[in-house]
Every structure is written in structure tokens, then in C-alpha cells.
Amino acid sequence: MEKTVISWTLNDYCRAQCEYCPTHVRGGLAPHETSEYLRVANQLISHYRDRLGRSIHWIINGGEPLDIDDIAMVLKVFKAGGESVTLHTNGGKLWIDWWAIEPYVDNLVLTFHFWQNPALIKYLIQTYTEKNKSIQITAPIRHRYVKEDLARVEALEKDTGFVIVKSLLYREGSVELGLYNYDTEDLRLIDISNGKLDEGGTSAVEQQEYYQETTWDDRYKDTYSSNPVYTGQMCNAGIERLYIGALGWVSGSACNNQPMGNVFNSFNPPDSPQKCGMIACVNNDDQLITKFPLGAL
């Protein structure tokens, strides 16, 4: 069965309000009513699974999805109507939430923030490992607290035997805006903790140097000159992939080649490909969407 990946940012709010987190994913308003999420989910299931005969793979993100009331109920509908559910979350603060959530989440993508209780992360590692479910963990390393953050994360790694990726932080979460002001020595420490030096690379230092030595225009040109071009071809955006933003706006690709309306207003899921009008295909996920010449169908 062919698959459709639906990536849905359920909200743009997070109670944690970490200062390094982009404002557009933590400073939004209250989420929609649970009934609205369920209505949209059932519409998508009816279209992609029942009408088009495709399996649905949900990728759920925020903001923070766990800050939505009745999130377990919403995840249950996703799981019942889809092949798999991937949840991106900071884990929240309560163990009891996970007794309701875990049965409906196949792939857990955790962010281990500085404020998070390591015992909760350890519990989730044990739970997902014992049930042979996928779990990935990244830990943001703050540029002013590199040694402190690395010590905290490495202690949990030692306690659990689980490898945690230490991630660099970009201004407003944008690669184009560049890294925060990390010291070169601190970047080397992050590389060492991630095992990068064992691979013969110093990626964090190289990233910093790249942003110091180039302009935004340089980086823009590099991006578009180093990626494939499908301009004028047909693309299965909206069929193989669907992106829903926190406010409900829909696109069939990360590049937003053709906006598709809003799921909370009048929205009709697509059933045919669209013509690519982009200069280049710069998103890795977009590059995986099937392309074919105009008139090939």
C-alpha cells in the first residue's frame, strides 16, 4: 500500500517558554477545541485511507503537543486511522500522562531540555525500549551553559546506556540566521560528546566558521545551487505528503509550492499532483516526493 505522510503542527504554544526556542513555536494562542482536531483527523483518514487507499503515517509536532487538553484522545484517533504515529515532544512533566499516551505513539522524538527531570526521560527510554518502539532524543546545548548542559546529558547517557544527540542552537531556530555565539572550544566539546571527532570531522566548528565567513546572500546561493531542480515537472505533493501548520494552513510540501487552504475552514484534500514552480528543491523531504514530466500520467 502506498503511503501518505501527514506532518501536523498541532499548536504553536509551549508552557516551558525556553528563551532559545523560536517565538513562532512557543508564543501562540490557545489551541483549537479537541472536537476540531478530531473532525479534521477523520476527514483526512476518510480521504487518504478510505478513498485513495493509502496508509497514513502521522508526524505530530508543536509548540508542545502535550500542552493540548485531551491529547491522548487525539492521538488515539490518529493511531486508529493510520499506520504509525510519530510524536515530537519535550516529554512534559508528569509520568501519569504517558500511561494514556504511550499506546498510541509508535515513534517518540524527545527533546531533553535543561529543566526536564532526567528520571522522566529515563522512564521513557525504559518504556519504549522494553516495548521495542522507536525513541530518539536530542538535547539542546545552550551557548552560555555548554559544560553544564553536557554534564547533565552525559550523566543520563551513562545511567541509561542510551545515546543522546547534543544539538546546537540557531537564532530563532533558523539556519539562515546562524548559530548563537558559541566559543570555539565549547563547539569542540560538543563535537567530542557527539563522537564527531572520532569520525574525523569538527562539524560544529565548521558550521560556526561558515556563518562567520559568508553573507545571507552567499548562503542563499549555495542552497539553491547545490540542490536538484524540478521546475515545470509534476510533483505528488499533497498526495505523498501533507503539512498542516499550527493555524491550520495546509501545503503539500515544505516549500509550500501551492498553498491548499485551511483545515479549520473550507478544505478539500487533493487527489492529483501539482506543477512545480520552485527554483530548486531545497528540502530533503520534498526531494523524496515523486516527480515526473508534465503529461506523463
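So, burial: 47% of the 297 residues in this protein chain count as buried, where buried means under 20% relative accessible area with a 1.4 Å probe, protein chains only. Keep in mind that this is a predicted model: local features need pLDDT of at least 70, side-chain atom pairs count only at pLDDT 80 or more, and totals for chains, interfaces and linings use all residues. Residues are numbered from 1 along each chain as its sequence is written, and side-chain values use heavy atoms, with hydrogens and water left out.

Okay, the surface. The chain's accessible surface comes to about 15100 Å², with 52% of that belonging to carbon and sulfur atoms; that's the Shrake-Rupley method with a 1.4 Å probe.

What's the chain built from? Nine helices and eleven strands. These are DSSP runs numbered from the N terminus: H or I over at least four residues for helices, E over at least two for strands. The radius of gyration, taken over C-alpha atoms, is 20 Å, close to the 19 Å from the globule rule for 297 residues, so the chain is as compact as a globular protein of that length. That rule is 2.2 Å times the number of residues to the power 0.38. Along its principal axes, the C-alpha trace spans about 55 × 50 × 35 Å.

Contacts next, meaning heavy atoms within 4.5 Å. Among those with a separation of 6 or more, 65% come from residues 24 or more positions apart.

Now let's zoom in on strand 8, residues 241-244. Are its faces covered or open? Both are covered: Arg-241 and Tyr-243 are buried on one side, Leu-242 and Ile-244 on the other. Strand 8 pairs with strand 1, residues 3-9, in the parallel sense over four bridges; pairing here needs at least two bridges found by DSSP. Tyr-243 sits opposite Ser-7, and in strand 9 its bridge partner is Ser-251. Strand 9, residues 250-251, pairs antiparallel with strand 8 over two bridges. Those two form a hairpin with five residues between them, and Gly-248 in the turn has a positive phi of about 100°.

Last stop: an open sheet of three strands, order 10-7-11, with antiparallel pairing. Strand 10 (274-275) and strand 11 (291-292) are at the edges with a single partner strand each, so one side of each has no neighbour in the sheet. Strand 7, residues 234-235, is joined to strand 10 by two bridges, and Cys-235 stands opposite Gln-274.

How values were computed
Buried means under 20% relative accessible area, exposed over 50%, partly exposed in between (1.4 Å probe, protein chains only).
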